[in-house]
Amino acid sequence: MTMLRLEDLTVRFGGQAVLDAVDLAVGEGEIVCVLGPSGSGKSTLLRVVAGLQRAEAGRVLLGGRDQDGVPTHRREVGLMFQDHQLFPQRDVAGNVAFGLRMRGAGRAETAARVAELLDLVGLPGAGARPVRELSGGEQQRVALARALAPGPRLLMLDEPLGQLDRSLRERLVVELRTLFRRLGTTVLAVTHDQGEAFALADRVVVMGEGRIAQAGTPLEVWRRPASEFVARFLGFENVVAATVRGAVAETVWGPVPVPSGTAEGACRVLVRPGGVRIAPDGHLACVVAGRTFRGDHVVVRLRPEGGPELDAACALAVAPEVGASVRVGFAAEDVVVLP
Ligand SMILES: Nc1ncnc2c1ncn2[C@@H]1O[C@H](COP(=O)(O)OP(=O)(O)OP(=O)(O)O)[C@@H](O)[C@H]1O
């Protein structure tokens with residue numbers, strides 16, 4: 001079943017379309033992450049779904065019902081923003097209970113639900129703690145418990161882990177995914193951090209200038225970026241103009257093998273760094289201009305005889321030193337033809 005459907009949604013500020021005829025469906029229990037550069041319209045999208053921002057055109061359907069004219073508090077959506085927006089004067093329980101009280105829940109019911117949620121987010125017994133004394137990660141959990149407390153049909157997260165340091169983010173994102181799976185929560189999250197989106201989402205939606213540039217599973221989007229915009233946003237820089245003839249694309253880097261069935265003629269090609277192979281029989285001579293350590297591999301920046309620089313992903317043990325002369329070839333499985 002589709003929990004959320006956006007049809008032809010358009011929002012303009014000062015004549016500029018911030019959302020430009022956006023169509024999107026989120027299934028029940030699905031976790032969708034909207035990813036995009038700053039200003040691409042991600043937060044506006046959430047605000048329209050929540051009823052905090054009016055759309056100029058298009059529809060928002062929740063559980064099949066048009067939400068036009070339905071106020072925020074009747075939409076049964078949970079919201080969690082990047083700065084948590086906890087009430088500093090209330091303790092943890094008072095924060096988590098907020099949405100329940102708004103719905104008129106009784107004292108005993110509220111207390112039981114708060115305890116249950118604090119267990120769920122890994123803060124058992126923390127109800128009486130002042131929120132001011134919590135760490136960033138603990139505050140994030142309280143904000144999550146507060147958003148989940150009223151049992152929303154759709155949980156929306158806006159840069160949920162934005163303020164936290166990297167290692168905590170990486171840990172929490174795994175916890176969040178496990179929790180949402182267990183609860184069967186339908187989630188629409190926005191983030192500019194691709195690592196976060198790819199770790200959290202069943203489906204990733206990449207936005208640019210108010211439009212959906214690509215939607216697909218993390219693996220699909222990673223393996224087959226649909227455009228140069230998506231490829232560059234994901235951090236792929238090995239993009240070059242090409243002319244396809246048969247199974248080969250001619251480029252300033254020399255011939256690049258392309259998948260069979262690729263249309264002939266002008267295009268742009270992406271070679272993922274893993275497909276730039278340093279080997280003595282490679283056709284392209286390069287000098288190593290830089291090296292970036294990436295944990296389990298090294299990204300080597302190569303300066304070819306002609307054309308733009310390119311990145312190669314190398315195993316730690318064999319990565320050449322800066323200044324070394326190397327030769328490279330391209331592996332077909334890491335070549336993506338862009339429109
Ligand atoms: N109420 C408003 N009035 C005028 N312009 C606005 C308003 N809200 C947002 N904008 C503009 O709309 C554009 C999209 O904003 P939005 O916050 O949706 O982007 P975003 O993708 O969430 O960005 P970020 O990642 O920086 O939060 C921006 O250019 C922003 O300045």
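Student: What covers the buried residues of α5?

Tutor: Start with the terms. A residue is buried if 20 or more other C-beta atoms lie within 10 Å of its own, with C-beta atoms placed from the backbone. Two residues are in contact if their C-beta atoms lie within 7 Å. Helices are DSSP runs of H or I, at least four residues, and strands are runs of E, at least two, numbered from the N terminus. Here the cover of α5 includes β6 (77–80), α2 (92–96), α3 (98–102), α4 (107–120), β7 (154–158) and α6 (166–183).

Tutor: This is a predicted model: local features need pLDDT of at least 70, side-chain atom pairs count only at pLDDT 80 or more, and totals for chains, interfaces and linings use all residues. Residues are numbered from 1 along each chain as its sequence is written.

Student: How many residues of α5 are buried?

Tutor: 10 of its 13. Among them are Q139, R141, R146 and L148.

Student: What span does α5 reach?

Tutor: Expected span is 1.5 Å times one less than the number of residues. Helix α5 (residues 136–148) reaches 18 Å from first C-alpha to last, close to the 18 Å expected.

Student: Which residues lie around the ligand?

Tutor: Near means a C-beta atom within 6 Å of the molecule. The shell is F13, V18, G36, S38, G39, S40, G41, K42, S43, T44 and H192. Helix α1 (residues 42–50) gives the largest share, 3 residues.

Student: And the whole chain?

Tutor: It has 9 helices and 20 strands. Of its 339 residues, 37% are buried.

Terms used:
A residue is buried if 20 or more other C-beta atoms lie within 10 Å of its own, exposed if 12 or fewer, and partly exposed in between; C-beta atoms are placed from the backbone.
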